[in-house]
Amino acid sequence: VENILRPLEVSDEKYRQVVELMENDIHKGLNPETHASANIKCFPTYVRTVPDGTEEGDFLALDLGGTNFRVLLINLKGQEVTMESKIFIIPQHIMLGSGVQLFDHIADCIFKFMSDHKLHDRHLPLGAILTTWTKGFKCEGVEGHDIVQLLHEAIARRGDMKNVKCLAVINDTVGALMSCAHSDRQCAVGLILGTGTNACYIEALDEVKTWDGDHDEPKQVLINTEWGAFGNDGCLDFILTDFDRSIDKHSINPGKQIYEKMISGMYMGEIARLAIERLRKANLLFDGEGSYHLSTRGRFYTKYVSEIEGDDVNNFTVTKQIFEELELVTHNEQDYRLVRYVCSLVSKRAAYLASAGVACLLNRINRKEVTIGVDGSLYRFHPFFHDLMMEKTKVLIKPGLHFKLMLSHDGSGKGAALVAAVADRLLQKKRQLAKDGTSV
Ligand code: ADP
Ligand code: MG
């Protein structure tokens, strides 16, 4: 058992190396001479405005490109935020269709949502979350296109939603950061631990050599790291296991998103499954007897990992249920304990690797107190992910730095609405100034 599982255990020394490697890569991403070849692209997001609590009214938000497509209605009244949301399914044929079809469908969904909430005659600024379309589906002609334009064209084609205006498109990491910054001014990092993983953070403008915008105060910019691609050049090979290599080889994007594949919800269950299968084949689990499900890729869900680790070790009720779902014929207490141990190793490594990333950002930011806004089902539902990250990040940051990990409740969507709200406020102000004859 030890021989098979040992590669999943990584020493603090190696985690420190990971922090250092990431620091190098971030540096490359921020510099124009090295940006093209950098793994961690560090895109400036051009959003420097943080909500100040004066935003009021109703705002729409779209969460696109994640597991689900959601429309949200968010009401802001100072610190008070209420929201309603609805999940829409994007049918397979639309997912594989053209960008025009996709955005017509999205516009239909917004219209339905507005009908349900009787919103048609209201001035409604909209903010959209857009994450990369690399997570299992690809809609021709969307990636890299101007989403705002596609959305406005679709809205215009309908002709019955004249009051909806998309004012902001942001990344989900920025959404997580913004939604936490609304109640916690020290929030300087947004972290996603869901289907994939990514983070954004506040960087000093002087460090962002790729920046081509203005250099006004506050001389800071939000950097979307796209850190999931860390390791694509092989720099993380020293900690990869056979399980990781197998996952990569059979993925839709071999050689890409190496760091993400060791951490996020799309892969954690599969890493556990591969380890369990290895043990089973060595007659160390289930008397060597597997099942069709257990040998099926992707069939051991990441939520099983959470459920098994959260199970009561006095009766293993949930674990037994999962084994029955997987149609495993023989299983006993020793199997429950060993599978739980496998899950804990996979989770630990994922959480610790994410901690290495967070530590790297905290060290760069170098403020005494920083809050990290976190969104995503892995962090939200795993019983120990938060605690594991607290523990390891503390070990990996520079002495004297302090931090909080804060769950951003429905973060990304709320963040998008907040950015739209700020954009709307600035727009109104600009219009007013123009009306008053002041040049802007
Ligand atoms: P997205 O990142 O696509 O916006 P989510 O934040 O909901 O969506 O994350 C979805 C991912 O979370 C899936 O990969 C899924 O495996 C994982 N997940 C869902 N439920 C749980 C759970 N209970 N424990 C751990 N991971 C989970
Ligand atoms: Mg999401």
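Student: Is Phe316 buried or exposed?

Tutor: Buried means under 20% relative accessible area, exposed over 50%, and partly exposed in between (1.4 Å probe, protein chains only). Phe316 has a relative accessibility of 3% and therefore counts as buried. This is a predicted model, in which local features need pLDDT of at least 70, side-chain atom pairs count only at pLDDT 80 or more, and totals for chains, interfaces and linings use all residues. Residues are numbered from 1 along each chain as its sequence is written, and side-chain values use heavy atoms, with hydrogens and water left out.

Student: How many aromatic pairs are there?

Tutor: Rings of Phe, Tyr and Trp (its six-membered ring) pair if their centres lie within 6.5 Å; planes under 30 degrees apart count as stacked, over 60 as edge-to-face and the rest as tilted. The count by this rule is nine aromatic pairs. Phe300 is buried at 2% relative accessibility, and Tyr304 is buried at 1%.

Student: Which kind of pair do Phe316 and Tyr336 form?

Tutor: Phe316 and Tyr336 form a tilted pair, 5.4 Å centre to centre with 35° between the planes. Tyr336, at 6% relative accessibility, also counts as buried. Ring pairs join Phe316 and Tyr336 with Phe286 and Phe323 in a cluster.

Student: Where does the charged end of Arg158 sit?

Tutor: A charge sits over a ring if NZ of Lys or CZ of Arg is within 6 Å of the ring centre and within 35 degrees of the ring normal. The charged end of Arg158 lies over the ring of Phe111, 4.2 Å from its centre.

Note on methods. Chains are lettered from A and ligands numbered from 1 in the order in which they are written.
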